[in-house]
Amino acid sequence: MKKAAKWFLIVFGVLFGLFVIAAILIPVFFKDDIRAAIEKEASKSVNADVVFEDFDLSFFTNFPNVTASLENLGVINRAPFEGQVLFATEKFEVEINLADLLGDEIRVKGISLIRPVVNIKVLKDGRANWDIAIPSADTATTTEEPGEFQFGIDHWELVDANVTYDDRSLPYVLTVKGLDHSGSGDFTQDVFDLKTKTTADTVTTSFDGVEYLTDKKIDIDATVSISEEYTKYTFKENTLKVNDFAMHFDGWFKMNENDFGMDLTFKSPENSFKSLLSLVPGIYSKDFDKIKTEGDLAFNGVVKGTYSEKQMPAFNLQLLVKDAMFQYPDLPTAIKNINMDLLVDNKDGVVENTIVDLKNLHLDFGSNPIDAKAKITKMYPTNVDASLAAKLNLAELNKMFPMDGLEMKGNYAVNLKANGVYDSLKKLIPAIDAKMTLADGYVKSKDVPLPLDDMHFTALIKNASGKMAETFIDVNDFAMLLDGEKLNADLHLENLDNYTWDLKLKGGIDLEKMTKIFPIEGMTLAGKVKADIATKGKYSDVQAEKYDRLPTSGTASLTDFKYTTTDLPAVTLSSAAMVFDPKQISLQKLNGTIGKSDFAVTGSVLNYLGYVFGENETIKGNVNFTSNLFDLNEFMTEEETPVAEDTSSFGVIPVPQNVDFVLHSNIKAAKMMDFNITNAAGDIIVKDGIANLSGLRFNMLGGQFVVNGAYNTRDIEHPRYDMKLKIENVSIKDAASASSLVQTYAPIAGFVNGKFSTDFALTGELTQSMMPNMATVNGGGLLKIAQASLKDSKLISGITSITKLSDTDEVTMKDVLMSASLSDGKLSVKPFDVNFGNYKTTVAGSTALDGTIDYTLKMDVPAGKLGAQFNSLLTKYTGTQTDPNKPIPLTIGLGGKFNDPKPKLVMDEQKEQAKEAVTEAAKEEAAKQIQKAVKGTEAEKALNKILGGDKKDSTNATTDTAKNAPITVPATKEEVKEKVEEEAKKKVLNLLKKRGN
């Protein structure tokens with residue numbers, strides 16, 4: 001018995017040891033195979049680049065479960081979202097029970113995503129970046145019996161996720177940051193409970209430009225019963241909290257084939273006014289718990305019916321606040337007597353029939369009451385019956401709200417009544433009777449020692465008929481005083497169908513002091529404005545350009561102006577003087593700087609009244625612009641998508657579509673990307689989103705440029721250019737280092753000493769980094785090279801190695817005229833002559849976008865220079881000694897890539913010359929026998945071996961290039977794949993690093 005036990009333990013120990021060894025070695029030995037399988041399946045399944053930094057397979061992390069993980073996983077979109085990160089995560093982990101792998105059911109024990117980033121985008125035309133699945137090629141439908149195999153998930157989680165959903169087709173935007181989500185459910189069952197827990201640090205959502213939630217904290221704890229083949233969801237225990245405001249849901253939601261059915265009710269489980277107060281922007285902060293509140297709250301609603309593209313469910317929402325108040329800690333006065341009764345009701349699901357009824361809103365700001373009512377009984381045309389009455393002693397607000405160094409005084413009052421129909425098509429508005437006044441206004445900020453004082457105005461709005469043409473607006477006796485500078489204004493405006501105005505403005509403003517009193521987020525202003533302007537007229541006269549009917553006069557000046565924002569370089573104006581008349585603004589003097597750039601502007605601006613008062617009006621101008629230094633790099637936007645480099649990437653410079661300007665420029669020095677430009681002069685005509693360059697001359701890269709053409713940003717996602725370039729005496733090396741176009745199609749230029757000139761036309765598309773999209777470039781022209789040379793190149797050494805020529809270590813060019821064209825991702829050059837050493841050589845061929853080269857070089861070389869082996873073979877089969885001075889034509893095919901050229905001798909002409917030599921050395925009958933004997937024998941095979949095969953000559957421009965082009969060695973799929981994967985990995989890592997910072 002002991003012996004048996006002993007052997008059992010030995011066998012068990014051996015088996016266990018083998019299992020442990022296998023568990024360690026299997027992931028090691030098969031890791032690369034598994035990784036390759038993942039990459040293969042991904043490439044077949046999705047139209048995107050899927051990359052990951054590391055793959056790991058472990059039996060020990062969660063034993064007895066197998067754990068597979070991918071680190072720094074990313075999915076990079078292709079066109080039309082090319083280069084954008086759809087999904088990235090620091091770690092994706094899947095845990096599976098080992099025993100389940102051998103059964104009929106795979107049960108996933110857990111799925112984890114650590115710090116994922118999800119960017120979902122939908123274009124206006126409905127194309128979505130998440131739609132990356134490659135359709136199956138097999139379209140046949142087959143009926144299969146359901147199998148016994150089942151798939152289940154025990155648990156899943158997202159940790160610290162950031163999610164963005166941007167749908168331009170709606171338009172709707174949702175941004176979620178700091179999202180934690182976990183869930184569990186038995187998906188192998190027909191009916192089961194899905195349990196989830198979700199929290200988010202901030203949620204912001206907007207529809208059609210209006211934000212409905214801004215940086216709200218979300219907490220969802222829900223149990224949902226799933227049934228009817230995963231289409232019906234019945235709410236059980238659940239709580240949704242937005243900040244401190246909680247809601248419960250009851251009912252069900254069902255996904256039908258063509259629509260969604262639902263019967264849902266919701267209500268707030270709490271009756272505390274404080275929970276509702278947490279939704280008010282600016283109030284929910286770290287001190288929110290210290291705010292004292294009272295009052296009752298009732299909130300409930302229902303959504304019932306069908307939702308589809310043509311139908312909405314009926315819905316109802318009721319909110320009731322009774323006898324509420326709140327008071328900030330350490331402040332003496334409360335906002336009290338808060339009462340609100342709101343109903344939103346739709347009984348049939350037709351949006352136009354929605355009723356919004358604010359039956360009552362009342363609150364007391366200390367001793368200052370506010371009362372409001374509003375009822376909307378139809379959405380469009382909109383029936384409105386509303387009123388607002390309020391009186392505020394502004395000094396008392398400091399006792400109710402934390403003002404952080406801001407002091408206000410004065411008496412403000414508003415009284416408004418509106419009743420009627422709003423219909424934009426029929427140009428109807430509700431009848432309005434409104435009055436707003438401010439007396440003894442005073443504002444002082446801790447950042448400015450002097451107050452904004454003596455503020456007062458009276459504003460009236462009246463419309464008795466509801467017709468837009470019978471609207472009257474008056475702002476009378478507007479005045480304010482700041483540091484001794486007084487500003488007065490009066491405005492009368494009527495007839496909203498044909499704006500008719502009478503405006504008088506006189507005084508000065510210190511912008512720096514004004515913005516310190518009323519801060520503007522992300523922006524600072526400084527400078528002093530002085531104006532004395534009077535204008536009156538009708539908008540119809542502006543449209544008809546009847547400027548004599550628009551009496552406008554006055555002057556305006558601006559000194560020591562400075563504008564700083566986070567998006568653009570700082571703008572300063574040392575002085576500006578303008579004279580107004582109805583037709584134009586004359587810019588008499590406008591001197592300043594933008595970042596590092598300086599400028600001086602004179603000229604005129606036209607249609608400024610139409611631009612100010614009208615919709616989609618174009619402002620026009622004719623302006624002279626001079627500068628000693630103009631740095632365009634400071635205007636370029638930063639791209640959202642992270643790039644591999646550390647530096648900020650350049651973005652597209654937009655051209656405004658409602659600007660029609662002629663800019664006569666004279667710039668001594670300019671910077672754009674890595675280019676330094678001097679002595680730039682010419683006209684830039686900006687119109688309809690296109691900048692046309694007319695005779696723009698400048699110096700760059702040691703030479704002279706003349707540019708005519710267009711830069712078009714009407715489609716900002718796909719900016720285009722159409723240029724004609726005249727270039728004189730530019731360094732070939734400098735052009736190669738500065739131009740991605742030259743680097744792609746003519747990388748050898750980076751090794752050539754010399755200068756070139758050209759007349760060249762180019763069209764194509766620019767990328768978002770303002771670089772040419774190489775796949776779209778088309779063009780052509782002539783390149784002139786007076787004198788240039790090339791040494792120490794792989795191309796030269798490769799040709800020397802097969803020709804055995806000892807004096808071809810340098811290529812020289814003199815008075816070369818080269819005809820080149822760009823089309824379909826390929827640069828083609830017609831035959832041109834260079835010198836390889838002392839040998840005149842004719843070159844022709846092409847370079848492809850992937851770097852593949854396909855060129856033919858043709859030269860005449862004395863036989864004595866070709867080496868003993870070549871000459872011995874000719875002598876052996878011709879029977880005569882070859883004259884060492886006799887020129888032998890050589891044709892060389894050059895394939896491969898620039899950095900890995902594959903030269904090869906083309907044998908056609910040499911074989912023909914050998915046959916001619918045989919013919920001359922024998923009599924006619926003997927020659928026939930020799931040719932017959934040579935053909936197909938070892939002699940020809942030996943000749944073929946030396947000469948390198950059957951390569952054809954492509955220097956003859958009239959030859960069929962498809963048949964005679966040199967053999968090239970294209971880039972392998974593996975090389976292309978490795979390059980794409982490397983770039984994609986860099987984008988994912990940069991995005992995740994940016995999140996970490």
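Predicted model: local features only at pLDDT ≥ 70, side-chain atom pairs only at ≥ 80, totals over all residues.

**Exercise 1.** Find what lies over the face of tyrosine 442.

*Solution.* Lysine 409 lies over the face, at 4.8 Å from the ring centre. Now try tryptophan 252: over its face lies lysine 232, at 5.1 Å from the ring centre.

**Exercise 2.** Classify the pairing of phenylalanine 245 and phenylalanine 299.

*Solution.* Start with the ring centres, which are 5.2 Å apart. Next take the planes: they stand at 75°, and an angle over 60 degrees counts as edge-to-face. The pair is therefore edge-to-face. Then place the partners: phenylalanine 245 is in strand E12 and phenylalanine 299 in strand E14, 54 residues apart. Both belong to one aromatic cluster, together with Phe235, Phe249 and Phe266.

**Exercise 3.** Decide whether tyrosine 499 and tyrosine 539 are buried or partly exposed.

*Solution.* Buried means under 20% relative accessible area, and exposed means over 50%. Tyrosine 499 has 30%, so tyrosine 499 is partly exposed. Tyrosine 539 has 9%, so tyrosine 539 is buried.

**Exercise 4.** Describe the surroundings of threonine 204.

*Solution.* First locate threonine 204 in strand E9 (residues 192-207). Its relative accessible area is 16%, so threonine 204 is buried. Next follow its side chain, which reaches the backbone nitrogen of aspartate 215 at 3.0 Å. Finally, look beyond the neighbours within four places in sequence: the contacts of threonine 204 include Val173, Leu174 and Leu213.

How values were computed: Residues numbered from 1 in each chain as written. Heavy atoms only, no water. Helix = DSSP H or I, 4+ residues; strand = E, 2+ residues; numbered from the N terminus. Buried < 20%, exposed > 50% of the residue type's maximum accessible area, 1.4 Å probe, protein only. Polar contact = N/O pair within 3.5 Å; in protein donor to acceptor, adjacent residues only side chain to side chain. Contact = heavy atoms within 4.5 Å. Phe/Tyr/Trp six-rings, centres within 6.5 Å; stacked < 30°, edge-to-face > 60°. Lys NZ or Arg CZ within 6 Å of the ring centre and 35° of its normal.
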